[in-house]
Amino acid sequence: MCSGRVDMGFVLRAFENGIDGVFLGACHLGECNYITHGNYQAQNMVLLFRRIMEHIGLNPERLRINFMSGAEANVFTESVNDFVKTVKGLGPLAKGEGIDPTELKTRLAEVKRLIPYFKIVNREKLTTRLEGHDHAEAEKLFTKEEIDKQFAEVFSYWIDPEKCQACMTCARRCPVDAIISEKQKIHIVDQDKCVRCGTCFEVCPPKFRAISKITGPVPPPPPEDKRAVVRKGKEEAAG
Ligand code: SF4
Ligand code: SF4
């Protein structure tokens, strides 16, 4: 498999399954046979995920990418042997970090939910091309502070039933169909599906401003029999 195809979700699944370490062998940077140069993206993905690991208390040394060509069997062998030695030194996943395995599951589940958010927030850096093999320099692409801040700034998006006018703009633009949408009915964000991209917030017409970013618990949606939209004009006329 091309290293560029290795998604953060694959790495996460390995850790969810209790794997102690994940190693990616990728072609040398600049030597990809295709215009996509997926190995740069693989490197960026690893750099980002290592920061995420750090945030949730996992040792980032459990994830490594090394570059080599198909003719460098010796490099492959040496890289894998060194990685195995490192991971053995760290001990079993979770136990090595002193984290309760159930707690680790909870933390990984939260990361899984936020993967699309991290991809959207970091999309420019994830597609950048870092030249050279200076590992210390590459590590600066994502800083710990930056990723900690991204974790802290995850908002929920909520549609105010008093303001929604069922214009359907948000539902048409949501990239993951996370908005429960029916004609003439107050729209609702499905919080389990929402990837926190913020598109709905941006596109809700300024005359309605029905969508808010909120932290903490999201208010429950209106019951089905209270979802009919009352047009602003009609409400005012009736009043
Ligand atoms: S923030 Fe809005 S547009 Fe983005 S996924 Fe969530 S509901 Fe959809
Ligand atoms: S864009 Fe705003 S007003 Fe239109 S349906 Fe969505 S939340 Fe309601």
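**Figure 1. Domain assignment of the predicted model.** The protein is divided into domain 1 (3-152) and domain 2 (156-238), with bounds that come from an automatic or database domain assignment. Between the C-alpha centres of domain 1 and domain 2 the distance is 36 Å. This is a predicted model, in which local features need pLDDT of at least 70 and side-chain atom pairs count only at pLDDT 80 or more, whereas totals for chains, interfaces and linings use all residues. Residues are numbered from 1 along each chain as its sequence is written, while chains are lettered from A and ligands numbered from 1 in the order in which they are written.

**Figure 2. The largest nonpolar core.** A nonpolar core is a set of buried Ala, Val, Leu, Ile, Met, Phe, Trp, Tyr and Cys residues joined through C-beta atoms within 7 Å. A residue is buried if 20 or more other C-beta atoms lie within 10 Å of its own, exposed if 12 or fewer, and partly exposed in between, with C-beta atoms placed from the backbone. The largest core has 27 residues, of which Met-45, Val-46, Leu-48, Phe-49 and Ile-52 touch the most other members. Two or more residues each come from helix H1 (8-16), strand S1 (22-26), helix H2 (38-55), strand S2 (63-67) and helix H4 (101-121); helices (H or I, at least four residues) and strands (E, at least two) are DSSP runs, numbered from the N terminus. H2 supplies the largest share of this core, eight residues.

Figure 3. A residue is near a ligand if its C-beta atom, placed from the backbone, lies within 6 Å of it. Around ligand 1 there are 13 residues, and Cys-174, Cys-194, Cys-197, Thr-199 and Cys-200 are the closest. This shell consists of ten nonpolar, two polar and one charged. Ligand 2 also has 13 residues around it, with Cys-164, Cys-167, Cys-170, Cys-204 and Ala-210 nearest. Its shell holds ten nonpolar, three polar and no charged residues. Here Ala, Val, Leu, Ile, Met, Phe, Trp, Tyr, Cys and Pro count as nonpolar, Asp, Glu, Lys and Arg as charged, and the others, Gly among them, as polar.

**Figure 4. Two loop residues with positive phi.** Met-168, not a glycine, has a positive phi of about 75° and lies in the loop between strand S3 (156-159) and helix H8 (169-173). Gln-184 has a phi near 65° and lies in the loop between strand S4 (179-180) and strand S5 (188-189).
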